[in-house]
Amino acid sequence: MIRKVEKNIAKNFVTKGLILILSVVSSIGFDKQSFAQEPNTQVGKPSAANAPAANAPSANASVMGSQVDATTVSYQTAGHQLQLMQLLQSIDPYLPSGNIEGKAVLSGSTTMVLLGQTWAQRFKLFHPAVEFARGVDGSDASLEALSQDPNVIAGVSRNVTDAELAKLKAGKCKDPMVVLVALDPMAIYVNENNPIKSLSPEQMQGVFGLGENRQPLISTWGQLGVTGPLANEKIRIHHRSEISGTRSFIQQSLLGGKPLAEPAETHKSNHEICQAIAKDPVGVAVCGFGDRFDGTRAIALELRGQVIDATDANFLAGRYPMVRPLSLVLDRGQLTQDGGLRASILKYILSRDGQREAILAGFFPLNPDFIRQELVQLTGTQTH
Amino acid sequence: MMHISKIGLCFFAQAQCMRSILVLAVAMFSLGDGQNLFGQFSGGGGLFDSTLNSALPRVSAPMNQNPAGGWAQTNSAQTGFSSNGFNTGTMTAVPNMNSSQFATGANTTSQIPRDWRLGVAVDPSDVGAVVRQVTPNGPAQRVGLEPNDIIVGINGFQVGMVENRLNDVGEQIRRSADSNGRVRALVFQSRSARLQNVTIQLDSGSNGITGSVALSDRANIPFNSIVTVQIENITRPFYEVRNGKVTFAASGNGPFPFEIQYDPVYVDARDRYQLNAMITDSTGRPLYGLRQPIAIPTGGLPQNTLLALDNARTLQSLGQQTVGGPVTSGFGQDPAILNQVFQQILGRLPSSTEQVAWSQFLAQGNSVIDLQAKIIGSPAYFDRLGNNQQRFIQSMIRTFSGREATANELNAWLGRLQQYQGNREQVAREFLQQMR
């Protein structure tokens with residue numbers, strides 16, 4: 001009996017270990033069950049623990065979202081601000097340890113380089129002897145740089161694919177490690193006069209992806225349930241012209257790697273996209289929460305019958321899951337050889353100040369529990 | 001018993017192995033085997049496979065709901081990781097053990113959760129928290145805990161890695177400890193190979209400062225005003241003290257009692273500290289401030305200190321709140337300045353999320369120039385200019401000086417941008433300082 005239990009545990013352990021290792025290699029450790037939870041269960045128990053805004057009915061939430069909150073200093077807004085303050089308070093401040101010195105090379109996407117520079121400046125306040133240098137620009141180029149030089153810290157504002165991790169390992173970054181450092185929630189934007197209320201994941205795939213015949217499955221607004229003058233109009237997709245984090249997000253996360261439908265228009269920046277949507281009554285695009293622009297409207301997500309508005313409050317309550325991860329990729333082997341430099345940098349980024357800087361750069365902080373988990377994995381033994 | 005202990009031992013072996021696996025698994029830093037780091041739709045299954053689920057922000061900390069409104073003490077949200085239980089600082093007063101006397105004036109809640117220390121270093125594992133070290137004479141050692149023992153649960157809650165999510169021992173202690181700092185723990189003793197329930201008397205992990213906030217003009221503050229009292233590091237203002245701040249809702253004319261239970265680990269003996277306080281309305285507009293923050297002496301902590309706050313108008317007439325000028329702690333920066341700068345540069349108002357973070361940025365003592373430089377240097381602004389450096393310089397000069405850049409200026413500032421390794425914020429700060 002005992003032997004059997006031991007055996008089972010051993011088996012379980014091996015399987016688990018394998019899956020964990022696989023998730024390292026493949027970066028897509030895919031288990032439907034863990035996603036089978038209803039979106040409303042993600043919020044946690046509806047209890048006094050939620051600030052008022054988190055419990056606000058979606059009607060209120062959409063009011064908050066559509067007229068950017070500062071104008072209507074409403075009760076909900078105050079509750080929502082409290083919610084964020086509370087979130088930041090739940091993240092521990094940075095605790096510097098020891099004399100950290102050395103040089104770090106930060107490289108990465110346009111977005112991540114800037115945030116990285118800010119983090120570097122703040123980090124230097126605590127550790128003036130540390131030097132930072134800027135490496136190459138761009139997610140692709142910086143991953144390439146990391147594969148040639150394990151000293152590099154690469155900032156990536158999109159998913160890192162399993163092929164990329166394999167490539168790093170084949171190069172000089174033997175033990176690549178992806179640390180999630182901030183979040184960029186994405187919204188679907190339409191013209192403000194478009195009556196559509198929400199889109200489901202399947203509908204998004206139908207609009208932005210290609211079907212069997214290399215044509216999008218959904219090409220008119222009527223197919224999305226819009227009635228009236230827009231019903232027979234073709235959907236016009238707006239994208240970034242070059243490979244951008246946003247575009248990779250759509251392809252990888254919304255379409256599971258499948259090809260994108262041909263856009264009607266392309267633009268140089270997310271801002272230009274939103275400006276164009278404001279003028280295009282039949283346009284649609286995916287951009288960040290912060291790209292919202294007069295004349296556009298961010299529509300809700302429909303997840304298994306639940307309509308979830310694209311608002312800060314919903315995102316902060318963990319209800320709105322469409323989000324682009326911002327990560328740092330580095331060589332784990334360096335952690336033990338640099339006198340604590342990299343571990344300290346990561347601890348700073350995952351501290352209250354580091355997460356607040358992410359907000360100042362236009363992004364959102366991570367969940368405090370998740371941060372704690374990342375820190376445990378980073379530092380191992382903990383003292384209580 | 002035998003049966004259980006055998007499993008326990010086996011678990012322990014597994015815990016050891018799990019550790020090395022964890023080390024490997026860090027490569028993903030992902031959310032364990034069940035979770036996919038990348039939001040992805042399952043093919044046709046109709047599931048929104050969000051994945052970053054556990055990374056999504058979520059206000060999970062218990063919060064003392066104020067029956068009268070949404071505001072409550074945010075100190076309660078403080079949680080988590082702290083590196084050791086030793087007092088490295090010079091603030092060594094005995095914590096005030098009686099917080100009930102602060103059960104307060106109008107509309108405040110003041111159940112202050114304490115930091116408690118168990119006196120162990122642990123490695124989380126699938127079967128519990130494996131003890132690596134025990135602090136001499138600490139609470140854990142007093143109940144006989146030794147290295148290699150496993151803390152399986154605290155007050156009935158499993159600790160360690162539970163379904164691939166960390167259930168932190170420190171966090172569980174703080175949630176479970178009674179007001180006297182006692183918890184019950186289920187412990188696997190490695191030496192006797194036995195599971196045992198033990199009651200542990202924890203040590204306090206915080207130091208206390210108490211006092212009350214009064215209004216020097218004895219007026220009434222409106223319903224849902226926000227009182228903030230905090231410890232500030234004067235030497236290194238960016239170095240925040242964990243749990244060094246309390247915020248609570250209040251109304252009426254006070255005085256409003258407060259208690260701060262800060263984490264002494266964050267206090268550096270080489271730095272100087274002060275106690276500051278302010279009252280804002282529910283939108284963050286300053287109503288009252290402290291004319292002179294109270295220095296925190298190294299010899300002992302202020303207890304029952306009366307902080308007499310002056311009306312914001314009085315302070316303004318004293319020249320303390322000059323916008324853009326040096327601000328001692330930034331307390332009292334009117335959020336209106338934030339709206340102005342956002343409008344000037346981004347042509348919109350800040351979202352409520354941005355408002356919180358930027359207000360805190362100002363509260364750290366940053367000037368309006370810092371604010372302008374940071375906003376014009378932001379990714380959002382750069383995106384507006386098509387992510388083009390030349391357009392950025394032209395637009396920066398137009399925004400701040402109201403005229404077009406000359407060819408020479410353009411080249412010079414592009415050169416600066418190069419020198420600063422593309423850091424637009426630094427270029428903008430330099431430009432603004434030159435304009436002054």
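Reply: Among contacts in chain A between residues at least 6 apart in sequence, 74% join residues at least 24 apart; two residues are in contact if their C-beta atoms, placed from the backbone, lie within 7 Å. This is a predicted model, in which local features need pLDDT of at least 70, side-chain atom pairs count only at pLDDT 80 or more, and totals for chains, interfaces and linings use all residues. Residues are numbered from 1 along each chain as its sequence is written, while chains are lettered from A and ligands numbered from 1 in the order in which they are written.

Chain A has 16 helices and twelve strands; these are DSSP runs numbered from the N terminus, helices being H or I with at least four residues and strands E with at least two. Of its 384 residues, 55% count as buried. A residue is buried if 20 or more other C-beta atoms lie within 10 Å of its own, exposed if 12 or fewer, and partly exposed in between, with C-beta atoms placed from the backbone.

Helix α7 of chain A spans residues 139-148, and its buried residues are A:S139, A:S142, A:L143, A:A145, A:L146 and A:S147. The elements that cover them include the strands β1 (102-108), β2 (130-137), β3 (152-156) and β11 (323-331) of chain A. Helices α8 (162-170) and α10 (245-254) of chain A are also part of this cover.

α7(A) and α8(A) pack at an angle of about 30°, with their axes 7 Å apart; axes are lines fitted to C-alpha atoms, for helices over the stretch in contact, and angles run from 0 to 180 degrees between N-to-C directions. The two helices α7(A) and α8(A) are therefore roughly parallel to each other, given that angles under 35 degrees count as roughly parallel, over 145 as roughly antiparallel, 65 to 115 as roughly perpendicular and the rest as oblique. From α7(A), the contact is made by A:L143, A:L146 and A:S147, and from α8(A) by A:E164, A:K167 and A:L168. The crossing of α7(A) and α8(A) is right-handed, that is, the near helix is turned clockwise from the far one by less than a right angle.

A:A154, A:Y189 and A:V329 have the most contacts inside the largest nonpolar core, which has 160 residues. Strand β4 (residues 176-191) of chain A gives the largest share of this core, twelve residues. A nonpolar core is a set of buried Ala, Val, Leu, Ile, Met, Phe, Trp, Tyr and Cys residues joined through C-beta atoms within 7 Å. A second, separate core has 26 residues, among them B:A140, B:V152, B:V187 and B:F188.

For comparison, two other parts of chain A may be described. A:I299 lies in strand β9 (residues 296-303) and is buried, with 20 other C-beta atoms within 10 Å. Its contacts, leaving aside neighbours within four places in sequence, are A:I188, A:V190, A:I196, A:K197, A:S198 and A:L199. The C-alpha atoms of A:I299 and A:S198 are separated by 5.3 Å, although these residues are 101 residues apart along the chain. Helix α15 (residues 352-360) of chain A is mostly covered, with eight of its nine residues buried.
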